[in-house]
There are 2 protein chains.
Amino acid sequence: MTGNHKLLFATSNIGKFEEAVNVLEEYGLAIEMVRIKRFEVQSDDLVEIAKISALFALEEVKNPVIVEDAGLFIEALNLFPGPYSSYVYKTIGLDGILKLMENVKNRRAYFMSAIAYCWSESEVKIFEGRVDGTITHEKRGERGFGFDPIFCPREGDGRTFAEMSTEEKSMISHRGKSFRKLATWLK
Amino acid sequence: MTGNHKLLFATSNIGKFEEAVNVLEEYGLAIEMVRIKRFEVQSDDLVEIAKISALFALEEVKNPVIVEDAGLFIEALNLFPGPYSSYVYKTIGLDGILKLMENVKNRRAYFMSAIAYCWSESEVKIFEGRVDGTITHEKRGERGFGFDPIFCPREGDGRTFAEMSTEEKSMISHRGKSFRKLATWLK
């Protein structure tokens with residue numbers, strides 16, 4: 001379905017792009033970053049956000065394109081920050097989340113990733129990935145981006161995402177999962 | 001510019017609607033509530049959100065229509081929760097904001113209201129209102145809605161918005177100001 005078109009990833013987040021490259025390489029797939037003004041709807045539904053963003057991106061780049069939307073969902077905070085994770089990261093940040101989680105026993109949380117691949121106005125395909133884990137009590141690690149330093153995946157060995165290499169993180173992360181689904185489908 | 005059309009307010013928030021009625025009554029203007037699925041963009045800019053929402057609302061109701069977007073901007077939290085106030089209210093709520101503000105000295109904050117009045121695809125008029133104040137240390141009052149119980153306007157007498165009647169609140173509130181600008185313009 002990609003034909004001879006190069007796969008474009010509309011994002012301005014280098015960390016996301018590197019993770020995508022890392023996963024798609026395993027499948028012999030190349031991807032290119034394209035920066036466009038994202039048009040994001042306010043919605044509690046990542047899939048809806050990704051879908052509409054992909055349609056806008058297609059209109060902009062006139063080429064098959066993917067967008068990815070991701071969020072951190074914390075059980076004790078009614079799934080806050082969810083689809084607004086990047087805004088929350090920019091404003092109250094990691095310290096804000098840790099403060100909200102002070103004296104909170106239930107530390108369960110998950111990351112979700114939704115990729116929308118759009119190659120015509122009526123054709124959008126969605127790939128989702130999820131990773132379960134817990135919110136730590138302090139920041140640990142310098143790698144990754146966003147909320148990585150306070151998220152400890154359940155399938156891991158106790159390290160946060162920010163204490164792992166891109167390869168290690170991609171093995172178990174929400175984004176690794178959604179991009180592997182995309183790659184398998186493209187093949 | 002309204003001609004013989006009835007002024008429609010696209011909102012599902014009864015509290016907002018009541019405040020609008022209250023202000024517009026003073027000017028002899030009637031307004032009607034219309035519930036539609038709002039299409040909100042993710043943006044840090046209330047005016048942009050209101051503008052785009054109004055265009056979508058016009059398409060839906062085929063009649064001149066207003067939408068209003070409002071937010072609480074807290075200085076010490078890098079203007080969080082801003083345009084995402086209603087999502088933040090639904091998730092971490094008043095207690096979440098008070099927790100984030102624990103031991104924070106600078107309690108300055110403001111509410112912003114942006115009304116977009118749209119009567120054709122190319123004609124949108126914006127009316128803004130702002131009120132400055134502080135975040136209280138505890139919830140006070142049962143009236144109003146949203147963050148009213150923790151916001152104390154500077155122009156007031158020490159009571160929070162939730163301790164005032166709709167009339168008292170509208171005299172000094174962000175929404176009172178933006179709706180009075182709309183009313184003056186309509187007249």
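Modeller: Happy to! In this predicted model, helices H1(B) and H6(B) pass each other in a right-handed crossing. Helix H1 of chain B covers residues 14-26, and helix H6 of chain B covers residues 174-186. Their axes come within 9 Å and cross at roughly 50 degrees. An angle under 35 degrees would count as roughly parallel, and one from 65 to 115 degrees as roughly perpendicular. H1(B) and H6(B) are therefore oblique to each other.

Which residues of H1(B) and H6(B) make the contact? From H1(B) come B:Lys16, B:Glu19, B:Ala20, B:Val23 and B:Leu24. From H6(B) come B:Arg175, B:Gly176, B:Phe179, B:Arg180 and B:Ala183. Sorted by class, the residues of this contact are 5 nonpolar, 1 polar and 4 charged.

Now turn to chain A. Helix H1 of chain A takes in residues 14-25, and helix H6 of chain A takes in residues 174-186. The axes of these two helices cross at roughly 50 degrees and come within 9 Å. That angle makes H1(A) oblique to H6(A). H1(A) and H6(A) cross in the right-handed sense. On the H1(A) side you can look for A:Lys16, A:Glu19, A:Ala20, A:Val23 and A:Leu24. On the H6(A) side the contact uses A:Arg175, A:Gly176, A:Phe179, A:Arg180 and A:Ala183. By class, the contact of H1(A) with H6(A) has 5 nonpolar, 1 polar and 4 charged residues.

How are the two chains related? Chain B can be laid on chain A by a turn of 180 degrees and a shift of 0.0 Å along the axis, with an RMSD of 0.0 Å. The two copies are thus related as by a two-fold rotation axis.

Of the residues of chain B, B:Val41 comes closest to the rotation axis, with its C-alpha at 1.9 Å. Across from B:Val41, which is in S3(B), stands A:Val41. Strand S3 of chain A, residues 40-42, is joined to S3(B) by 3 bridges, and the two strands run antiparallel.

Next, let's take the whole meeting of the chains. In total, 15 residues of chain B are in contact with 15 residues of chain A. On the chain B side, strand S3 (40-42), helix H3 (85-91) and helix H4 (93-100) each supply at least two residues. The residues on that side of chain B divide into 9 nonpolar, 4 polar and 2 charged.

H4(A) and H4(B) pack with their axes 9 Å apart, at an angle of about 115 degrees. H4(A) passes H4(B) in a right-handed crossing. Here A:Gly96, A:Lys99 and A:Leu100 of H4(A) meet B:Gly96, B:Lys99 and B:Leu100 of H4(B). This contact of H4(A) with H4(B) holds 2 nonpolar, 2 polar and 2 charged residues.

Follow chain A onward from helix H4 and you reach the loop between H4 (93-100) and S6, where A:Asn103 sits. Phi of A:Asn103 is near 60 degrees, a positive value in a residue other than glycine.

Then come the strands of chain A. Strand S6, residues 108-120, pairs with strand S4, residues 65-74, in the antiparallel sense over 10 bridges. Within this pairing, A:Asp69 stands opposite A:Ala114 of S6(A). S6(A) also pairs with strand S7 of chain A, residues 123-135, in the antiparallel sense over 12 bridges. A hairpin through 2 residues joins S6(A) to S7(A). The bridge partner of A:Ser120 is A:Glu123 in S7(A).

One last stop is a pair of peptide bonds. In chain A, the bond from A:Phe80 to A:Pro81 is cis, with omega near -5 degrees. A:Pro81 belongs to strand S5 of chain A, residues 81-82. In chain B, the bond from B:Phe80 to B:Pro81 is cis, with omega near 0 degrees. B:Pro81 lies in strand S5 of chain B, residues 81-82.

Technical notes. Residues are numbered from 1 along each chain as its sequence is written. Chains are lettered from A and ligands numbered from 1 in the order in which they are written. This is a predicted model: local features need pLDDT of at least 70, side-chain atom pairs count only at pLDDT 80 or more; totals for chains, interfaces and linings use all residues. Two residues are in contact if their C-beta atoms, placed from the backbone, lie within 7 Å. Helices (H or I, at least four residues) and strands (E, at least two) are DSSP runs, numbered from the N terminus. Ala, Val, Leu, Ile, Met, Phe, Trp, Tyr, Cys and Pro count as nonpolar, Asp, Glu, Lys and Arg as charged, and the others, Gly among them, as polar. Two strands pair if DSSP finds at least two bridges between them. Copies are superposed by least squares on the C-alpha atoms of residues with pLDDT of at least 70 in both. Axes are lines fitted to C-alpha atoms, for helices over the stretch in contact, and angles run from 0 to 180 degrees between N-to-C directions. Angles under 35 degrees count as roughly parallel, over 145 as roughly antiparallel, 65 to 115 as roughly perpendicular and the rest as oblique. A crossing is left-handed if the near helix is turned anticlockwise from the far one by less than a right angle, and right-handed if clockwise.
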